[in-house]
Structures are given as structure tokens and as C-alpha cells.
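Work through the exercises below with the sequence and the model open beside you. Each task is followed by a solution that goes step by step.

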Amino acid sequence: MASFDILLLPGDGIGPEVMTEARNVLSWLNTQKKTTFQTEEDLVGGSAYDKHKVAISNSAMDKALKADAVLFGAVGGPKWDKVPYEARPEAGLLRLRKDLGLFANLRPAICYKALSDASSLKPELVEGLDILIVRELTGGVYFGEPKEIVTLENGEKRAVDTQVYTTHEIDRIARVAFDLARKRGNKVHSADKRNVMRSGVLWNQVVTAVHAKDYKDVKLEHILADACAMQLVRAPKQFDVIVTDNLFGDMLSDEAAMLTGSIGMLPSAALGAPDAKGRRKAMYEPVHGSAPDIAGKAMANPIAMITSLAMALRYSFDMGEAADLVEKAVTGVLEAGLRTGDIMQPNRKRVTTAEMGKAIVKELDRLAG
Ligand code: NAD
């Protein structure tokens, strides 16, 4: 029986609340006796700062490096607003991404039928929507040098950020997108700004070359990033996988996410390069933050955390069927009318975080029946 080690980093605010429900799903998977998941748990973010005065300890980092996957809750909150910059809660997340070499950010935008009314677009435009945005996470304008604000001789200030990409950075993210497309709708849109940016010209050339060399079976279309933003709200169902750089990916993934309703529904994954055995370092986390406004009130929606675990099953453990089952259980519970506050609709039953988690496990039992 396959056995995997998962490091759980619940974090702050609602992080521990939603992680409890993901842990219950993991326990349920262990009862199925197809795989064994061993979990370890550690601190990250403000809770790590309170104990160790850093946002993640070296020993937690070592565990993350050794684990088959990391499940991350959320970090931050007003309690830590005044801690030193290098120890702020988000520094834990950034160190994990950097030390694990997580260069590919996967953000699905899936619209559950039961929630198609919650979108700001017409239900027929979003019902059945299933887009995967693959965003380059460790390069581009967020990291390029020089990055500075300088004072000019005339006293004026000048700010510079540098958009920079190398061939290998574009090559490896393109491969992630094409590989994932093969497991889905077999179509990739590559979004860049080659009409005004040199980095966009190189992006376009490298994606085209990778496609021609190794992925001719996948349909590739190039799209300007601004046109992509428009098409996402005009006819989002035309997209399957969208691959783009760090900056455009930040914006396009938020835009796509909002087509689906609540932030409490959105999972994500961050993947590194494959090792000699083809295994990638990986971290899975909900898109939302620590939601201090509802923390401790049993109001948090655990679905983003639970579907992040489903992504781990699919992308780290090659357990596509189990991932489908977890997602089906979520669909079933939504169709039965259960709602946490963030997705509440008229004539539906409002439930707590734990009630939602329990209902999903019960539905898993029924489906596996
Ligand atoms: P947030 O995502 O925490 O909350 C935004 C809004 O969405 C809030 O009204 C919140 O109640 C609601 N919400 C979020 N998740 C929910 C869930 N699962 N169920 C129901 N409602 C949910 O973003 P914010 O308020 O801008 O930030 C709060 C803190 O979280 C800040 O300290 C911020 O830095 C941090 N943050 C952390 C991460 C992360 O850990 N990856 C991401 C974003 C923000």
C-alpha cells in the first residue's frame, strides 16, 4: 500500500479551523485502506512568530522539504501588524515558496452548478466553468532587478521594477501547462503582451517552440493578456488552461476566481521542478487569507481547504479517482442545499465549518458505499 507524508501547516485565524476539516477528510481516506497518509503538523505565520520569533522555524522548514506535500491553511492578522518586517506572517509563506522552489502556481476556477447564481455573471455563462490558470510564480517583475526608488538630480523620484524572464523559466512553466492540459481539455491559451514588451516576445517564442517540439497534440492559442481579461468575462467557458507570467497571472487568476462566487471555494497548488523520480515539491493552500473578521466564530467555509487537498491527491499522489470523489462529495453537499455564510442563498440551510466538513465526509461515505 502506498504511503505518503504530509506536513500540515494550519497557520492563523481561520487556518486551523478549515485545516481540521481537511484532516478529517484525510482520516477518512486512510479508512479506505488504499493509501496511508501520515501527517505531521507545525506552526507558520503569526503563531510561529509567537513561539519562535520567526514566521517559520528551520525545523518546520526541514519537515516541509522532506514531506511528499505540504498543506497550508492561512497566515496573518492584525495581532502581528507591528512585528519586524522580516518576521511578518507572510514571510513564512514566501520562504516556503522560495526554499521549495515552487515556480508554478495552479489556480482552478470551477463553478459548481449549485452556486452558478452566486457569480456576478449570468448563470449560463459560468455554469460548468472549469478553467485552470497556470501562473509563473518566482520570476518576472516581482523579482527582477533593479527594483528601486531613486532620487534624481532635480529632486524628482523615479521608481523602477524590472520585468525579466529567461528561456528556461518560460520553458518549464509552459511544460507544466501542456502536461496539465493533456489531463483536462487539451487546450492551452498562452497570455503575454508581446505587442509592447520584449519579455512578451520571448515568452511567445519559447512557448511556441516547446509546443512544436513536445506537445503538438495539445491545442495552443496565443492571446494578449488584456484581451484574455476581456474574454474571461465575455465567454469564460472557451478557456481550459491559461499559462501566463507572474504579474498577468496574479490579475487574471483573481478575475477568473471571482467568476465562481466566494473566495471560500477556491483552492490552489504551487509546484516545483520534478526530481529524478519525477516527483515535484508541492504546497496546496486555499486562495483566501486568515479572515480575522470571522475567525473563531465557526463561520469559515472549509471547501477551499478540502479541495486544495483534492488537488494534492491529483497532482502529488496520482490519485485522480480519489480527487474526483472528494470533489463529487463537495458537489453533493452543495446540491443538498448546505451553505456556510459566505455562500448562503435563500431557502438553503446555513451550517457551521464543522457541519460542512462532517457533511462532506458523510457524502464521501455514501459515494464510496
Ligand atoms: P481574507 O481572504 O482573509 O478575507 C477576505 C474576506 O473573505 C473576509 O471578509 C473574510 O471573512 C472572507 N473569507 C475568506 N475566507 C473565507 C472562508 N473560508 N469562508 C468564509 N469567508 C471567508 O483576506 P483579507 O481580509 O484581505 O486578509 C486577512 C489576513 O489574511 C491579512 O493578514 C492578510 O495579510 C492575510 N492573507 C493571507 C493569505 C495567505 O495566507 N495565503 C492570503 C491573503 C491574505
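**Exercise 1.** Determine how the lining of the largest pocket divides into nonpolar, polar and charged residues, and find which element gives the most to it.

*Solution.* The lining comprises 18 nonpolar, nine polar and ten charged residues, where Ala, Val, Leu, Ile, Met, Phe, Trp, Tyr, Cys and Pro count as nonpolar, Asp, Glu, Lys and Arg as charged, and the others, Gly among them, as polar. A pocket here is an open set of points on a 1 Å grid over the protein atoms alone, with protein on both sides within 12 Å along at least five of seven lines, a 1.4 Å probe that fits but cannot get out marks a cavity instead, and lining residues have an atom within 4 Å of a point. The model is predicted, so that local features need pLDDT of at least 70 and side-chain atom pairs count only at pLDDT 80 or more, while totals for chains, interfaces and linings use all residues. Residues are numbered from 1 along each chain as its sequence is written, and side-chain values use heavy atoms, with hydrogens and water left out.

Next, take the volume, which is about 890 Å³, as the space filled by probe spheres set on grid points joined across faces, edges and corners. Of the 37 lining residues, Glu90, Leu93, Leu94, Arg97 and Leu137 are the closest to the centre of this pocket. Helix H4 (89-99) is one of the elements that supply at least two lining residues, and H4 gives the most, with eight; helices (H or I, at least four residues) and strands (E, at least two) are DSSP runs numbered from the N terminus.

**Exercise 2.** Explain why the second largest pocket lies between domain 1 and domain 2.

*Solution.* Begin with its volume of about 420 Å³. Among the 19 residues that line this pocket, those closest to its centre are Ile110, Asp130, Arg184, Arg314 and Glu327. Because domain 1 (1-103 + 272-369) and domain 2 (107-266) both give residues to the lining, the pocket lies between them; the domain bounds come from an automatic or database domain assignment. By class, its lining holds ten nonpolar, two polar and seven charged residues.

**Exercise 3.** State how much space lies in the largest cavity, and identify the element that gives the most to its lining.

*Solution.* The search of the whole structure finds one cavity of 30 Å³ or more, and the largest cavity holds about 50 Å³ of space. Strand E8 (187-192) and helix H7 (198-214) each give two or more residues to the lining, with H7 giving the most, three residues. Five nonpolar, three polar and three charged residues make up that lining.
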